[in-house]
Every structure is written in C-alpha cells, then in structure tokens.
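Let's take a walk through this model together, one element at a time. Please keep the sequence and the 3D view open as you read.

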Amino acid sequence: MDTIQKRYGYTGQGLRVNLTTGKITKEPTFPRFKDEIGGTALGYRVFWDEVPPKTQPLDEANKIVIAPGPFSGSGALCSSRTSITTIYPTIYPMPMIASAHIGGDMAARLKQAGYDFIIIEGKSEKPVYLYINNDNFELRDAKGIWGQGTRRAQQMLADQTSPMASIAVIGPAGENLVPMSVLISARQHSGGGIGSIFGSKKLKGVVIQGDQPIHIHADKKEWQKITERNIDLFGSLNQHVVPSAPNPLFEFWAPGSRWNGMPGNVWQKANPPIILGEDMRSPNKISYRWCASQFFLGKPQGLKIQVRNNGCYSCPLRCYSIVEDEEAAARYHINKMTEQTCMSLYFGRVIFPKIAAKRDLPAARHASMVGIQTMDDLGVWCNYGQLHRDFKKMYVKGLWKKVLPEKEYNSIPWQKIEDCDASFLQDLFQRIAYRQGEMANGSAKALPTCSVISAFRNPTGPTTDRRITGASVIRNITPTKTTVRSASSSTASTTVTRCATAP
C-alpha cells in the first residue's frame, strides 16, 4: 500500500474489524494519528472521531481500540503495555471513555504482526474470535470455546493456533455482561472492566502472532547503551531502590519496600530450590529482588510456595509470581500451580474480616489461592481490591441483609466467612459471573449504600457529550492514570531508614 508510512516505532498500519459484516481491512496510521503518541491517545482519537456522544457501553455503536505504544516490541524496557479503549460500563452513573492497560506480550506480538492498532466495531451474531498472523487475519468460529473459563479457553485457542501466539480471552462473567469483568491474557494478565464489551459483541478473544521486524531510528549501539543505562537505574517493583531490611551493602532500607529479595532467602518450590546470593545489586539479579508471594503472604509461607518469577515482554522486574500450593489444591480442588500479577495474592483474604490483615496464616494463603484461580477463570474483575473491600464492609455493617431479598440472603453460606473457609469465594464469584440474584444484578434499593452492586449494574443512566474528555486532554491521560494506578497499588510504607553499616 502506497499510503503506509513506516515511521520508526510504528508499523504504519492497523486493522479495522467489523463484527457485523465480518470484514477486516487495513488502514494507514498516518497522517491520521500523526499528533497522537501512544495507544491511549490513539484510542481516544478514534472515539472522538467515530463514536456518537450518547453511546452506551453495550450499544453496537461502542467500539474497542487495541493499541500499544511506539516502543512496544522494540526491546525498550517496560514497553509491554497495551491500551484497550472503550466506553466503560463500570463508571456510574454516567459511562465514559477509559482505557484498560494489559500486560504480557500482546503489545509486542501486535507490532511483530505488523500493526499499530486494531479498531473493533459492530456486533457478531455468533461467538467468534479474532485471529491475526502477519497478513493472515480472519474471524473464526468460537462456538466450542464460548462458555469456557479463561484458562481452558486460552489452552483451546493455543491448540488451534500456536502456543507462541499472544492469546487474550473473556470468561463467563464477560459473556454474561457483568460490568466488573476482565479480558485475561497469558493466564493472569488482565484488562479490567472491558470483558462485558467483548461479550456484548460476541467476541470471545483475540489471538495474535507475527514475525515482522521492529524499526528503530537510533543507532543500534546508542540504543543498547541507553537500554543498559536504564537497567543500571532499576531498583525493584514500584520504583523502590532500597531493600526492605537492613543490609551492610546498602546505606538505606525501608520496611515497606518491594525489594524483598534478601541474601539467604530460598524459593522452596523451585527445582532445585533457588537460594538468593549475597549481592542483589547486580543487573543480572533484578528479577530476584521482588517476590510477590513473600510480600503478600509473609516470608515463611510465601517462600514456602514460591517457584519462580515471570513477567511481561521486555521487562526485567518479573513481578509475575508463580507458586505451588499442594495443600490448598487438595483442600479446595483447585490447581496446585497458580500465578499472580499486581495484587492478586492479596485479594482473597480481604473478604474475611478475621484474616484480612493477617497475611501469615495458612487460611489467608488458601483464600488467596482460591480467590486468584476462581476470579481469573470466571473473568471477574476486582478493580484493585475494591470489590473485596466493599463486600467486606457491607458484611461487617450488616447491610447485605438489608438490601438482598430474604430468600437470596439465606441461600448464601455466610458462616463460611466466619470460619475463614475459602470455598465461600467459589460460591460468591459463581453468583457474580453468572448473574445469579440481586447481588450480581444490582437493585434500586441497594444502590445508595452499596458500591459493589453499583459496579455490577449495567449503567444506562444520564449521558453527556462525552467528547469534552476527548482530544483536549489527550496529553494528560497517561500521566494521570499512571499516578492514580501507582497510588492505588501501593500498600506499603515509604519510610526510609539509614542502615547501621554501609560500604
């Protein structure tokens, strides 16, 4: 195509997918998006130009824009985020445009397939998934995959296509149009709040692979020098640059630091077990500086179940913790292996008041394991713990009994909360994902007091000219969201203490 301009960082083209007609076409990136930098800005430009102001989240006129940034796929550090922009169903009472940011390898694979963006519009009459492999792209029948949980669905799509592909799917929650639902990629990377939009369009998921080159403008040696310099500046998760305990190799330490990989720690479920060395300052040790299972479950039992770390494409931090818990698996009939990103190992216990702040207890670990696997497989979104927090508040204040119908309230096994029985989570998230009762569907009676129910109710309330949040604020979108996300994900103290001895 003569209209394709392969500028450095961009492939010069994207795809438009019309689910109503089944037609997929290529479109040039430039000159249309010459003033937008990054996937979120590109997505907002599409909505500004193409989506009517009063469009509701589940309307056919709503669109989905999948777009990474110019660094994605280039090897630049921490450039693996993909923005997925749509009209969000969880903003109440007036739905507005927002972007989910999903990790993993989707951003790199889309660039390697040769595309800067995917614009998805319309609505399919039957379940489908989008398959992309370089210039081979099509909508494929997803009848046999629709209704499956995210983990089995991802495995089925990998078997049908390629285990090397980036695969993202929705679960039953998204299919049943639960607003608090997610798109799951690579088993545990999630894009929150957008599952129901995919579900409303009968789009089970997206499969992307490719082998196209990524164009870099800079001199290769200079590019490598900058990358290595960035590695030198790395600390640990959340930009923490001092360890969480005193160490003679460091001048400072902070008890709330995410740098908890200390000399002598043993990842006991690795084969053979991994013993952390004395000096964690080496760039080759970055991936050992953070252990999510230790941070969220306490050192003894966190290290007891730690296998290894994984993470997003081109990110050395490896915040994706893989754990093995045979005890929880035997007791609650779950998989003994599971993964966590962000705060997943924290959420499960929060619903139980007795153990919400007691991470070292086995019951807290069990709740975390059950919570992760159940929520992720069903595709339910916790919104960084807000679902769990609000549910517990409703329970402690006795509000559930006031807002739920008597029959439904009596059908819920509340005693399991008092017993710290993690199987309560399996019951709860099933109700939510399959929209069983008023708890999952929302009620006018409950709305004034329950943000949980508000979040699950499909918003159809007041609308406005949504374009006032469009092009004029594009430049501020990314830094604002980054600030909010960083603040909401920080659960630790930032107090820094000088070590007694230092080099």
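**A guided tour of the chain**

Pro-272 sits in the loop between strand 14 (266-267) and strand 15 (274-275). Another cis bond links Phe-30 to Pro-31, with omega about 10°; Pro-31 belongs to the loop between strand 2 (23-28) and helix 1 (39-50). Helices (H or I, at least four residues) and strands (E, at least two) are DSSP runs, numbered from the N terminus.

A word on the model before going further. It is predicted, so local features need pLDDT of at least 70 and side-chain atom pairs count only at pLDDT 80 or more, while totals for chains, interfaces and linings use all residues. Residues are numbered from 1 along each chain as its sequence is written, and side-chain values use heavy atoms, with hydrogens and water left out.

Now for the overall picture. The chain holds 19 helices and 19 strands. Of its 503 residues, 55% are buried, where buried means under 20% relative accessible area, exposed over 50%, and partly exposed in between (1.4 Å probe, protein chains only). Taking contacts between residues at least 6 apart in sequence, 65% join residues at least 24 apart; contact here means heavy atoms within 4.5 Å.

Next, find helix 11 (residues 362-378) and helix 16 (residues 423-433), whose axes come within 9 Å and cross at roughly 20°. Axes are lines fitted to C-alpha atoms, for helices over the stretch in contact, and angles run from 0 to 180 degrees between N-to-C directions. The two helices are therefore roughly parallel to each other; angles under 35 degrees count as roughly parallel, over 145 as roughly antiparallel, 65 to 115 as roughly perpendicular and the rest as oblique. Where do they touch? Ala-367, Val-370, Gly-371, Thr-374, Met-375 and Leu-378 in helix 11 meet Leu-425, Gln-426, Phe-429, Gln-430 and Ala-433 in helix 16. By class, this contact has seven nonpolar, four polar and no charged residues (Ala, Val, Leu, Ile, Met, Phe, Trp, Tyr, Cys and Pro count as nonpolar, Asp, Glu, Lys and Arg as charged, and the others, Gly among them, as polar).

Helix 16 is mostly covered, with eight of its 11 residues buried; Phe-424, Leu-428 and Ile-432 are among them. Just after helix 16, Arg-435 has a positive phi of about 55°.

Helix 11 has another partner in helix 3 (residues 150-160): their axes come within 6 Å and cross at roughly 60°. Helix 3 and helix 11 are therefore oblique to each other. Thr-150, Arg-151 and Arg-152 in helix 3 meet Ile-372, Gln-373, Asp-376 and Asp-377 in helix 11, a contact with one nonpolar, two polar and four charged residues.

In the loop between helix 10 (344-350) and helix 11, look for Ile-355. Ile-355 counts as buried because its relative accessibility is 3%. Its C-alpha atom is separated by 7.4 Å from that of Cys-420, 65 residues apart along the chain.

Cys-78 has a positive phi of about 55° although it is not a glycine, and Cys-78 counts as partly exposed at 38% relative accessibility. Leu-177, likewise a residue other than glycine, has a positive phi near 65°.
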